[in-house]
Amino acid sequence: MLVSVHNLVKRYGDLLALDHFNLEVGEGEILGLLGPNGSGKTTTINCILSLLTYDKGAIEVFGKPMAPDAYESKRNIGIVMQNVAVFQELRVDENVDYFCGMYVYDAKIRRRLVDEAIDFVGLGEFRKFYPKKLSGGLLRRLNIACGIAHKPKLIFLDEPTVAVDPQSRNKILEGIRELNRQGATVVYTSHYMEEVEQLCTRIVIMDKGKTLAAGTKEELKAMINDGETISVELYVLRADDVAHIRQMPHVTRAEYADNHLTVHYDGGQHNLLNLLDYLRSRDLSFGRVFSEQPTLNDVFLEITGRQLRD
Amino acid sequence: MHMFCYRLKCLARDRELVFWTLIFPLILATMFHFAFDQLMGRQEAFSPIGVAVVASDSYQQNITFRQALGAISEPGESQLIELTVTDEREAFRLLEDGAVAGVITVGDSVGLTVSQSGIEQSILKAVLDEYAHRYATVTGILRANPAVAGGLIRELRQTRSYTQQISFSSAEPDTTLNFFYALIAMTCLYGGFWGLRNTTDMQADLSPQGARRSAAPTHKLGVVLYDLAAALTISLAEVMVLLAYLMLVLRVSFGNESWYVLLTSLVGCIAGVSLGAFIGTYVRKSEGAKTGILIGTSMTMSFLAGLMIDTMKDMIARKAPVLSYINPAALITDAFYSLYIFESHRRFFLNIGLLLLISSSMCILSFLRLRRDRYASL
């Protein structure tokens, strides 16, 4: 394992931020750390990076205990902070060179790495720009370039796509996949379910400092009761038909409103065919039909609860 | 070198801080220069006061008064009045035209007519009052004891000073210099802005840049030293620019001991950067609040060192001497002053020693806090 976190406890005064939290990150993974605001994702990363003190537990990175002076381990770690961590007074290339220089001392090698990092995030034409001249998306890309220029084996990305336009987001996600293809292990936190679903090979859902569920996206989806959801455009549907549909195999809920029939299933096969056969048998003419598989968002809401959080 | 150079670039390109730490002192120096220049110019431009005397018989007969007026109207450095002896009509015409400040008429007593009140008129009145007072004193003494006449007249002709101006060196005492020295002290202490910025950029709980740097495989002491060296370099460069401006453009004198001037500037900058680092690490407030505290502290120190009132430094030294020994601005100002005024370097090195002691205390205390590698919260 590249990262092992055992029974980590972290308190902020009376608030228990991490409650005997465990985490393992294997080599080559893109691990998604999912959780609502205040669930402890960033605290976990900061503890792993030895930026935060913790009350109890043990952290190992690259098989060695992690500490502020674990310079050998730190040399192979890249971090992309939630807040953009660049200097406004340095140009794009200078920022990347500065942070890369904290890891790589050979100027010749560093020059090559800086060029590669700038090309990698697509900031070639902006390399002489100061950060304040960059848009939000470009600034996020610069933030990433500063974190990965030294070619780390392990990269922590803490919500790197917050407030980023879709084009920049795609560019960033493609970049992360490419880093992973090149051999980097990635720990990725985000609020955006679709990003995590697209990107991550394994997902840990956490809340209130604890792991609630962990596995591949398929494994997580299998953990919840929700199956597919079928929507059918219908102009006429009688109440006894709705009642009959509710009795069909694997149906958990069925509602008819605004000329739309919505049926929720908890599993089963050929649900769509069975439903359409029934409608035809009742001579009910229907329009468009949609079938949706459960998303990670459904899993997340099911596991962490649907009530609003701060 | 990589980290030092980039840190230097980072600080030098911070336009706001460069304004406050370099441009602002240059503007203040220029303002001081013009204010003092005007003051000095006014003193140098003193011209004799025009006065007309009505050439009456009484005036012609009053030899003592004529001699007295003659003495103060003689051309030269001590000429006080420009005398015009004329008839009454012409005298009052000159007064009406503003060609003279007053008209003196001599009868049983000496009279002064003026058309307005002002400094020149007040001086004329004071001169005539003094004459009347002395005349009354002398005639009183002579009436009572005519035998002392010869000695009294000799005594009156001598101008004796009971105080003596002593210089500790060949330098001319100049009260305006303290303002410029206090200004340099203020600029040195403004180096604290760089120290403050360093601590913000270094600590993971104060800035994301600090977090990124803390996560890097670089020893904290190394980061602290590189940053400190860059802050010191830029602060010293700014003080050098100010010194060059003062010496070469405004012609402010610092004596002839350039190396000691450089040493004072260097130690002053160390004190300034240390002060900023100390406030940055120990004041647990927002960055704006810290900046406010730094400005307040350095301005108060500079004020007590005589930035606004030239007698302030001496007053503090007499009334609260301890304050003079712990105020870096007062120590820097006094170091420059003692370099300029004293032949001996004893007082200069006392100031430098105290400055180094204060700076090293602040530096050590700051490092003890900065070396902390992990934080309770970010």
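What is the mean pLDDT of chain A, and what percentage of its residues reach 70 or more? After that, please look closely at chain B, including the side that touches chain A.

Reply: This is a predicted model, in which local features need a pLDDT of at least 70 and side-chain atom pairs count only at pLDDT 80 or more, while totals for chains, interfaces and linings use all residues. Residues are numbered from 1 along each chain as its sequence is written, and chains are lettered from A, with ligands numbered from 1, in the order in which they are written.

Chain A has a mean pLDDT (the predictor's confidence in each residue, from 0 to 100) of 90, with 98% of its residues at 70 or more. Chain B averages 85, and 92% of its residues score at least 70. Within chain B, the lowest confidence falls in helix α7(B), residues 149-157, with a mean of 70, and the highest in α1(B), at 93. For the complex, the predictor gives an ipTM of 0.81 and a pTM of 0.72.

Turning to the side of chain B that touches chain A, 24 residues of chain B are in contact (C-beta atoms, placed from the backbone, within 7 Å) with 25 residues of chain A. Both α1 (2-12) and α10 (208-214) of chain B supply at least two residues of this side, and α10(B) gives the largest share, six residues. Helices here are DSSP runs of H or I with at least four residues, numbered from the N terminus. By type, the residues of this side are twelve nonpolar, five polar and seven charged; Asp, Glu, Lys and Arg count as charged, Ala, Val, Leu, Ile, Met, Phe, Trp, Tyr, Cys and Pro as nonpolar, and the others as polar.

The domain assignment of chain B gives domain 1 (2-38 + 174-370) and domain 2 (48-155), and their C-alpha centres lie 57 Å apart.

Not counting residues up to four places away in sequence, B:Ile184 touches B:Val239, B:Leu242, B:Leu243, B:Ile332 and B:Phe336.

How values were computed: Two residues are in contact if their C-beta atoms, placed from the backbone, lie within 7 Å. Domain bounds come from an automatic or database domain assignment.
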